[in-house]
Amino acid sequence: MNAWREASPTARLLLVAVLFTGLTTFMFLPLLAIELTAQGIPAGRTGFLVGLLAFSGQAFSLLTGLLVDRFGAHRVMAAGFLLRILGYVLLGLGGAGAPAPLVAGIAAVGVGGSLLGLSTKTLLVSQEGADPRTMLALRSTFVNVGVVAGPALGAAVYPLGFGWILAACVLSHLVLGTRLVLRRSVTASRSRPAAGRAPAPAADGAPAAPWTLRQWLPLCGLGVAYWAIYSQLNVLLPITANEMTGSAAAISVVFTANGLLVVLFQYTLLRHVFRRATARTLLVLGFLAFACAYATLIPLAGWYSLLAFVVPVTLAEMLIGPSLDEQAVSAAATRRTGLALGTMSAAGALGSLFGSSAGGYLLQSARGGSEVWLLLVGSSLAAAAICLLLPKVRTRHV
């Protein structure tokens with residue numbers, strides 16, 4: 001991959017960090033709802049706890065963005081590793097009979113993930129000589145290398161106990177965090193904190209003006225919609241997949257196939273196939289793919305519905321996630337990249353909490369029916385229409 005060879009040593013190290021944090025995250029995340037349910041926690045409360053994980057991982061993103069711009073991404077990243085390690089330990093101590101450590105652990109893992117994700121993303125899009133779309137596509141590819149292996153490893157270890165999965169998460173974050181901090185201390189005298197990049201230049205070479213509040217509102221609304229719809233992969237889908245197939249490993253198959261497709265096609269899709277497409281066009285196509293994905297679950301046809309779901313939902317993920325961030329980076333004021341990305345993550349936090357909580361209760365109300373999938377199809381189509389409110393700005397690549 002030419003982009004990997006041309007990336008700076010700092011960017012390569014960041015991508016390795018993205019790989020291993022993605023690996024450990026997806027060892028435990030697909031199984032979290034199943035584990036909580038197995039502990040006797042009701043589906044509605046399970047949905048809330050899974051939503052809390054996503055919410056706490058994004059709700060503080062606005063503050064995280066300010067911290068990144070103010071203190072530098074490396075310091076924020078170190079704090080993220082510490083919080084995540086603490087959170088995994090508390091999760092091991094919590095359960096149905098001990099809700100306080102469980103809630104605290106979920107919140108710590110989420111906030112730590114926010115610090116890690118936003119700091120590494122800011123550093124990547126701030127690299128000299130590469131446009132945001134390329135860096136974001138590479139980041140997504142490396143995340144999903146971990147996604148491919150993570151669910152498979154999680155499914156293999158889960159019969160031994162959920163505690164072994166949490167132990168693997170603690171060990172990997174401890175080793176990786178120590179390595180990055182030590183490397184940073186050696187190169188600190190030659191490094192500057194990444195405070196952001198200038199806005200993408202306009203056609204005449206002048207910097208593009210930052211977006212107004214009126215332009216930001218539809219983009220933030222789409223961030224809410226995306227995460228509300230996507231969060232069902234962690235709440236509704238694990239439970240429904242288990243019921244449709246009778247296998248707790250079914251959701252791991254979905255996540256593994258999803259990650260493999262992203263690894264194989266994410267970079268090529270954004271950097272070559274849709275190279276000249278505007279981010280707005282990619283968002284419209286992505287939400288339409290979401291509608292197709294959830295439509296395949298309406299018949300509740302067991303493995304057939306589940307496997308048909310994988311391709312369109314993966315296409316939606318590949319198009320929407322990086323395009324939302326690309327729009328935010330392009331719209332940001334000079335040296336406010338962290339704040340722009342944090343704003344998008346904060347908007348996604350609202351969608352995650354609402355989507356996960358509502359998904360759990362809708363599943364209880366529908367009692368295995370197809371109404372919830374029809375609702376998700378309609379929500380996806382409405383989001384595709386909202387995309388047309390965004391400015392149609394063509395991205396200029398380096």
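Biologist: What makes up the lining of the largest cavity, by class?

Modeller: The lining of the largest cavity has 24 nonpolar, 20 polar and five charged residues. Ala, Val, Leu, Ile, Met, Phe, Trp, Tyr, Cys and Pro count as nonpolar, Asp, Glu, Lys and Arg as charged, and the others, Gly among them, as polar. This is a predicted model, where local features need pLDDT of at least 70 and side-chain atom pairs count only at pLDDT 80 or more, while totals for chains, interfaces and linings use all residues. Residues are numbered from 1 along each chain as its sequence is written, and side-chain values use heavy atoms, with hydrogens and water left out.

Biologist: What makes a space a cavity?

Modeller: On a 1 Å grid over the protein atoms alone, a cavity is a set of points where a 1.4 Å probe fits but cannot get out, and lining residues have an atom within 4 Å of a point. The structure holds one cavity of 30 Å³ or more. The volume of the largest cavity is about 1300 Å³, a volume being the space filled by probe spheres set on the points. Of its 49 lining residues, the closest to the centre are Phe26, Gln58, Arg139, Val143 and Trp227. Helix α6 (residues 99-125) gives the largest share of the lining, nine residues.

Biologist: Why are α7 and α11 called roughly antiparallel?

Modeller: The axes of helix α7 (residues 132-157) and helix α11 (residues 250-273) cross at roughly 160° and come within 8 Å. Angles over 145 degrees count as roughly antiparallel, and α7 and α11 are therefore roughly antiparallel to each other. By class, the contact of α7 with α11 has 14 nonpolar, nine polar and two charged residues.

Biologist: What is the angle between α9 and helix α15?

Modeller: α9 and helix α15 (residues 371-386) pack at about 160°, with their axes 10 Å apart. That makes α9 roughly antiparallel to α15.

Biologist: What makes an aromatic pair, and how many are there?

Modeller: Rings of Phe, Tyr and Trp (its six-membered ring) pair if their centres lie within 6.5 Å; planes under 30 degrees apart count as stacked, over 60 as edge-to-face and the rest as tilted. By this rule the count comes to 11 aromatic pairs. Tryptophan 227 and tyrosine 230 form one that is edge-to-face, with 5.6 Å centre to centre and 80° between the planes. Tryptophan 227 and tyrosine 230 are separated by about one helical turn because they are three residues apart in helix α9 (residues 213-230).

Key:
Axes fitted to C-alpha atoms, helices over the stretch in contact; angles between N-to-C directions. Helix = DSSP H or I, 4+ residues; strand = E, 2+ residues; numbered from the N terminus. Parallel < 35°, antiparallel > 145°, perpendicular 65-115°, else oblique. 1 Å grid on protein atoms, 1.4 Å probe; cavity = no way out; pocket = protein on both sides within 12 Å on 5 of 7 lines; lining within 4 Å.
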